[in-house]
Amino acid sequence: MNRLLFKQLRRLRGARPTARGGLLPRLRRDRAGNTLAIMAIALIPLLFIAGSAVDTARLYMVKTRLQQACDAGALAGRRFMVSTSAATLDSTATAQANAFFANNFKVGLFGTSAVSFTPSKTSENQVAGTASATVPLTLTAMMGYGSQTLTVDCEARYDVADTDIMFVLDTTGSMACTTADGTGGCSQPIVTYTRPDGTTGYYVQEKSGSKISGLRQAVLNFYDTLAAAVDPTTHLRYGFVTYTSTVNAGYAVTALSPSYIVNSWTYNSRSLAGDANNGASSSGPTYVNKTQSQCSAYAGRSPATGYTTSGSATVTSVSWTPNNGSSAVGSCALTTQPVKPSWTYQKVTFDTSQYKLGNTVTDPSKISGATSKWQGCLEERDTTATASFDYSNLPPDLDPDLVPTNDATRWRPMWPDVVYYRGGYSSHTYSGNSANPYGDGTSGYTLDYYTPLNAYQNIAYGWVSCGKPVQRLKVMTHQDISDYVNASDFVPQGGTYHDTGMIWGTRLLSPTGLFAADTAPWPGRNPPKRYIVFMTDGDMAPSMCLYGMYGIENYDQRVTTAGYQSDCSDSSQQANHYARFLAECTAAKARNISVFIIGFGQTLTSQLTSCASPGQAFYAADNASLNAAFQTIAKRVAMLRITK
């Protein structure tokens with residue numbers, strides 16, 4: 001085009017005026033010259049329009065990327081917020097927000113300069129941000145337009161739907177140790193504590209920095225994280241199941257109906273078999289000139305039946321010798337023999353109708369007037385001794401929704417006071433070597449001697465335990481949570497049975513079971529999201545000799561059919577308990593309960609990983625990482641989103 005214009009101008013310069021008119025008339029008549037001139041003049045606005053389009057597109061692209069980076073920074077800041085109580089955004093959240101912004105908007109992008117991002121904390125514990133960047137113009141700069149500064153705002157917040165959270169927490173004896181102690185334990189002493197009902201309990205004394213102390217803080221921080229994410233219309237409910245070899249859920253059950261617990265149950269106990277000598281006999285007085293019938297009247301037992309409150313009695317026997325020369329009268333010699341009870345150790349059925357109500361009752365396995373009071377731990381309902389279950393037809397112990405209708409489907413109150421080891425599967429008769437109470441064994445070795453399960457040594461070795469009562473779902477404040485995890489009975493004791501914890505966690509949270517009213521939707525609201533947060537610091541460790549949710553397996557054979565094992569171990573027992581654990585995990589997920597699993601200083605076994613919902617199994621090596629795991633779970637329960 002420039003060459004044609006040049007040619008035309010040269011031709012015009014060489015033209016001579018003619019009689020036909022001047023230059024302008026001739027130019028007016030030249031169509032090629034008119035077109036080229038008009039195009040030359042039009043280039044100026046066309047150049048401005050094209051430049052505006054190019055620079056407007058650049059500004060749009062920069063603003064879009066700036067908004068995306070601002071959003072990413074705000075989301076990261078809220079995601080990594082450590083403190084929700086401080087007035088300003090904490091340093092961790094600020095650093096993460098800046099890092100995510102910088103990764104999403106590189107300095108110099110599209111020639112930008114003066115790029116800035118400022119994250120801040122809102123009054124609602126959310127993260128806001130303001131980002132800006134200066135964009136130089138290109139073609140429109142020739143028209144006198146300078147660089148443009150773009151500014152965007154963003155805000156990220158956690159939102160929480162109505163939610164029910166059931167903490168299922170391993171509070172076994174190893175939780176008294178630190179993570180540095182490993183899996184071998186820490187040999188802490190057994191000490192006493194006073195239960196809320198005034199009775200005496202035992203637990204493993206905690207070390208400084210114990211795992212259970214880390215658990216207490218992690219649970220409180222979990223609560224605070226969610227509390228900071230809710231708005232006034234959100235409903236949150238919490239519940240707790242602390243588990244060992246059993247769960248203290250008895251009073252939660254009786255709050256519904258005492259008929260859910262049996263009125264009598266057969267325990268591995270003992271019954272009176274008669275008298276046994278209690279020391280050497282002694283000669284008593286001798287009476288003279290007594291008829292034989294008069295002499296026989298001196299024979300007897302004191303007391304006539306039973307024993308004194310100290311567990312003793314005296315049997316008097318007589319020997320009559322006729323006088324010389326007369327058979328009518330003679331001498332009557334008395335001999336006294338102190339006696340004590342002789343017991344047959346066997347299965348005995350006892351009345352539990354008052355015991356299950358928490359009333360103080362006479363201990364039927366003692367003769368000294370001892371009393372018992374139920375703490376609330378339960379033996380499970382009927383089950384099947386197998387490692388394979390039909391998930392659509394679970395036995396009573398694994399069916400979270402089964403309403404008790406008979407003794408096979410009712411729970412049984414644990415009664416360690418009346419439960420005795422007997423040193424073998426069959427019954428034994430034994431008079432004991434203890435004077436208080438008579439009939440008990442005094443050996444500190446528990447398994448071959450006749451000691452009740454409430455004896456100190458049995459508790460010390462974890463052969464029986466009964467921990468803190470469960471907390472059914474309810475709205476709880478920070479103080480309520482603190483009161484629960486810092487209570488005098490939130491203490492480490494007993495052995496590890498994952499199935500008992502998961503059974504009761506699912507049972508209490510199921511929307512279609514006995515406790516459905518606890519987890520029902522609020523009026524006019526959608527059903528709540530439901531979560532189990534399951535934490536353990538050890539692998540499943542069942543024992544054939546332990547008294548727990550399935551009685552004493554060596555005697556009761558409810559989980560395994562291996563028979564009596566003198567060393568208290570059986571290879572099938574752990575497999576069968578794990579099968580119960582996994583069956584209950586499946587039952588929970590079938591009821592739309594999302595399951596989080598935390599292995600605390602404990603390798604995530606295949607069973608633990610399988611129990612968790614996809615991507616929701618965590619390993620925590622120490623107290624700090626336990627807290628981090630709880631924080632991660634809390635933030636997954638909350639829904640992080642951009643609001644501005």
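I count Ala, Val, Leu, Ile, Met, Phe, Trp, Tyr, Cys and Pro as nonpolar, Asp, Glu, Lys and Arg as charged, and the others, Gly among them, as polar.

**Entry 1, ground rules.** I am working from a predicted model, in which local features need pLDDT of at least 70 and side-chain atom pairs count only at pLDDT 80 or more, while totals for chains, interfaces and linings use all residues. I number residues from 1 along each chain as its sequence is written, and the side-chain values use heavy atoms, with hydrogens and water left out.

I found 14 helices and 24 strands, taking both as DSSP runs numbered from the N terminus, with at least four residues (H or I) for a helix and at least two (E) for a strand. Of the 644 residues, 48% are buried, that is, under 20% relative accessible area with a 1.4 Å probe and protein chains only. Among contacts (heavy atoms within 4.5 Å) with a separation of 6 or more, 73% join residues 24 or more positions apart.

I looked up nonpolar cores, meaning sets of buried Ala, Val, Leu, Ile, Met, Phe, Trp, Tyr and Cys residues joined through side-chain atoms within 4.5 Å. The largest has 66 residues, and Trp504, Ile532, Phe534 and Phe581 have the most contacts inside it. Helix H12 (residues 571-590) supplies the largest share of this core, seven residues. A second, separate core of 38 residues includes Val219, Phe222, Val485 and Phe490. Returning to Phe581, and leaving aside residues up to four places away in sequence, I noted that it touches His498, Asp499, Met502, Phe534, Met540, Gln607, Leu608 and Cys611.

On a 1 Å grid over the protein atoms alone, I take a pocket as an open set of points where a 1.4 Å probe fits, with protein on both sides within 12 Å along at least five of seven lines, and its lining as residues with an atom within 4 Å of a point. The largest pocket has a volume of about 710 Å³, a volume being the space filled by probe spheres set on the points, which are joined across faces, edges and corners. Its lining has 34 residues, with Thr172, Gly173, Ser174, Gly494 and Gly495 the closest to the centre; by class there are 13 nonpolar, 18 polar and three charged residues.

The second largest pocket, at about 550 Å³, is lined by 32 residues, and Arg195, Thr200, Pro416, Asp417 and Asn454 lie nearest its centre. I sorted this lining into 13 nonpolar, 13 polar and six charged residues.

How values were computed. Buried means under 20% relative accessible area, exposed over 50%, partly exposed in between (1.4 Å probe, protein chains only).
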